[in-house]
Amino acid sequence: MADFPTNPSTESSAEKANYPYVGWIPTVNGRLSFRHIGDTRHPSESICANLDLTGGRIIVAYQRRPLSDILFPRLIHRVRNISGDFWFALTARSNASPLLADRVCGTIWIYKTKEDWRQKADSHVRTSIREISAQRFSYSVDREALANLAYDRACSTMAATADIAIEFELHRDGEAVLATPSFREAALEEASVKFAKDAGHDLQKWVADQGYFFLRDMAHMHQHHEPYSDTILILQDRDAADTQWRKNIIYSLHYAIIRFKRDADIRATWRAMGILAYCSSFALCCQRRLGTRFVGFPEFNEIALGNSLQAKANEILVAEQSFANEQSRRFAHASTVRTIAIAVTAIVIAVLAILIQPRISDTEKGAFPKLFAASTFAADNFLSFVGLSFIVLAVTWVTTHGDWVTKTPSGRSILEASYVRRWPSAVGLILSATIIGISGCVLFWPVVRDIVETATEFLALLSH
């Protein structure tokens, strides 16, 4: 078992053969802000320290990342006692002072379990982050020395305890190169690689992709797309000419633009317009990088495409407004139905109370036989009427609540399952509904029987 190197090289990795992966972190103005690296809340809030020093900016950050992609994760994780959470950390340093720095070099550290992170690194890294952050407004002559000391302690701690390390280099224009992931324990690497190979997966590439996604979340604010579905860009294999991966990214961005453009939703069209801006920015970054070697790249009529997207956005906006009006009408109708249901429930309870309160005596029942029968019936079945009223109210409330499918994790899992496996999902839903209905009748048979008997007696009372 060997520790990782604590101070990765800050020289350019463009000439290093052990950086086989490359990607781009979107920046619409072509210049990433290193100051904001670590300031993110996706997929969970990160804990970070980002401090500029005369010799270069230092960054320490970590984050919990849920990587499970199974359906109904909360249920399956609890039943199987498993977790898809990994802990990712980052230590990095820029190559010059903030105004002159053109790249950040560092390491991504990965911990495979919560226990590994909490027991081996959490307290030490948190302490280092607090110590670095404490120097932000310090005027001490030892400010830089103390900050560098805390940074080195964080690097040493994670080099000695992390399960996986990935060196990286992030340039100001968003280009990022990543090294091959290295495992601290040979046994873990052998078991993981063998398991992935048997399943037909490239573990090294998968781990590197996850490191890239983490770095992108640390340095990029997700726009024009949902953060949880941001797989538009992935890592590419570096080529000797340094051009093919760039073409792949341009193709991926334009594919996303066309895919969003085909969606009859105003937000999808706006996202396509935003991605088009990213694509134009990336193409310009490539021209600056390659110079005269920027040849053979795909050409797109981006001005016409932008005009088309704007026209489509305007067209959909009108349709969306009509749809919004219809939705408002439906919501108003649902509110009216709920109000009526509440009113009916209140009226039923009030009537029952009126009937029961002034009970008709035996001497008066001959003069008011139906009122006496109704009063007696209401008194005998008071709880049944109240329970039935609340059941009707609950059913009304659930049936008029229409967004649970798309706004809850379980609902989204049902949608995803029904999209991937339509017929099995349909059969499963029908069987589930049948089982739930039968189980409900069996478990709550006394309630069901009481409701049926009460309704039968009430109808018999009305018929006399």
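User: Which residues are linked with Asp173 and Glu175 in a network of salt bridges?

Analyst: First, a heads-up: this is a predicted model, where local features need pLDDT of at least 70, side-chain atom pairs count only at pLDDT 80 or more, and totals for chains, interfaces and linings use all residues. Residues are numbered from 1 along each chain as its sequence is written, and side-chain values use heavy atoms, leaving out hydrogens and water. A salt bridge puts a side-chain nitrogen of Lys or Arg within 4 Å of a carboxyl oxygen of Asp or Glu. Linked with Asp173 and Glu175 that way are Asp242, Arg246 and Arg289.

User: How far apart in the chain are Arg289 and Glu175?

Analyst: These two form a salt bridge, with their closest N and O atoms 3.7 Å apart. Arg289 sits in helix α7 (residues 266-290) and Glu175 in strand β7 (residues 175-178); helices (H or I, at least four residues) and strands (E, at least two) are DSSP runs, numbered from the N terminus. So the pair links distant parts of the chain, 114 residues apart.

User: In the Asp116 and Lys112 salt bridge, what is the N to O distance?

Analyst: Asp116 is buried, at 11% relative accessible area, while Lys112 is partly exposed at 35%. Their side chains meet with an N to O distance of 2.8 Å.

Methods:
Buried < 20%, exposed > 50% of the residue type's maximum accessible area, 1.4 Å probe, protein only.
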